[in-house]
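The sequence and the structure are shown first.

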Amino acid sequence: MVFELCVTYENVYCEFGALDEPLTPRGRDRFTALLSELIQHPPIGATYDFASKACYGSDWFMPSAAADRKDALASWRTVFASAPLLPFHRAFFAGNASDYLNANMRRGDARLPNSVRSSLAQFDESTSASM
């Protein structure tokens, strides 16, 4: 249902962070295959690419012991280092969240703290350097 909402509506995004599946090699393989399939074969009538709606989320509620999740980020990086998902690495870890937050329209907003404007500028520089 979340997938369908994401590919149908402009302002619906999906963040992954609390999922345990990518934390084990077997689960990571299954998750990578499923996510690759969803991204590469969108349903007929989809308005938006799921790859542009999926974001990494690091604010999970820690349902399992913290020690079990210490390598969570490394596991997610492994998922997006796989051949079918590598092209979406930057979008998943930063670009889609920037889009969700509508950061492009806020870059010059004087109400933003300098640290936020600086982070946005650094993201812009790293994005343009990698393209």
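## Surface and overall fold

The accessible surface of the chain amounts to about 8,400 Å², and carbon and sulfur atoms account for 57% of it. The model is predicted, and the values that follow should be read accordingly. Of the 131 residues in the chain, 30% are buried. Six helices and two strands make up its secondary structure; read from the N terminus, the elements follow the order α-β-α-β-α-α-α-α. Among contacts between residues at least 6 apart in sequence, 69% join residues at least 24 apart.

## Aromatic pairs and cluster

Across the whole structure, a search finds 14 aromatic pairs. One of them joins Tyr-13 and Tyr-100 in an edge-to-face arrangement, with 5.2 Å between the ring centres and 70° between the planes. Tyr-13 belongs to the loop between α1 (2-8) and β1 (14-16), whereas Tyr-100 belongs to helix α4 (residues 89-100), so this pair ties together parts that are 87 residues apart in sequence. Tyr-13 is partly exposed, at 23% relative accessibility.

A further pair is formed by Tyr-56 and Phe-93: the ring centres are 5.4 Å apart and the planes meet at 45°, so the pair is classed as tilted. Here strand β2 (residues 54-56), which holds Tyr-56, is tied to helix α4, which holds Phe-93, and the parts joined are 37 residues apart in sequence. Tyr-56 is buried, with a relative accessible area of 17%, while Phe-93 is partly exposed at 22%.

Both Tyr-56 and Phe-93 are also members of one aromatic cluster, whose other members are Phe-3, Phe-16, Phe-31, Phe-50, Trp-76, Phe-80 and Phe-92.

## A lysine over tyrosine rings

Lys-53 lies over the face of Tyr-13, and its charged end also sits over the ring of Tyr-48. The distances to the ring centres are listed below.

| Charged residue | Ring | Distance to ring centre |
|---|---|---|
| Lys-53 | Tyr-13 | 4.9 Å |
| Lys-53 | Tyr-48 | 4.6 Å |

In soluble globular proteins, nonpolar side chains tend to be buried together. The largest nonpolar core of this chain has 17 residues, and the members that touch the most others are Phe-16, Leu-35, Phe-50, Trp-76, Phe-80 and Phe-92. Two or more residues of this core come from each of α1, β1, α2 (25-40), β2 and α3 (72-79). Which residues does Leu-35 touch, not counting those up to four places away in sequence? They are Phe-16, Phe-50, Phe-80 and Leu-85.

## Cysteines

The chain contains zero disulfides. Cys-14 is in no such bond, as the nearest cysteine sulfur, that of Cys-6, is 5.0 Å away, whereas a disulfide requires sulfur atoms within 2.5 Å. Cys-14 is buried, with a relative accessible area of 11%. For Cys-55, the closest cysteine sulfur is that of Cys-14, at 8.0 Å, which is too far for a bond. Cys-55 is likewise buried, with a relative accessible area of 7%.

Definitions and conventions: Residues are numbered from 1 along each chain as its sequence is written. This is a predicted model: local features need pLDDT of at least 70, side-chain atom pairs count only at pLDDT 80 or more; totals for chains, interfaces and linings use all residues. Side-chain values use heavy atoms; hydrogens and water are left out. Rings of Phe, Tyr and Trp (its six-membered ring) pair if their centres lie within 6.5 Å; planes under 30 degrees apart count as stacked, over 60 as edge-to-face and the rest as tilted. Helices (H or I, at least four residues) and strands (E, at least two) are DSSP runs, numbered from the N terminus. Buried means under 20% relative accessible area, exposed over 50%, partly exposed in between (1.4 Å probe, protein chains only). A charge sits over a ring if NZ of Lys or CZ of Arg is within 6 Å of the ring centre and within 35 degrees of the ring normal. A nonpolar core is a set of buried Ala, Val, Leu, Ile, Met, Phe, Trp, Tyr and Cys residues joined through side-chain atoms within 4.5 Å. Contact means heavy atoms within 4.5 Å. Accessible areas come from the Shrake-Rupley method with a 1.4 Å probe; for residues, only the protein chains shown count as cover.
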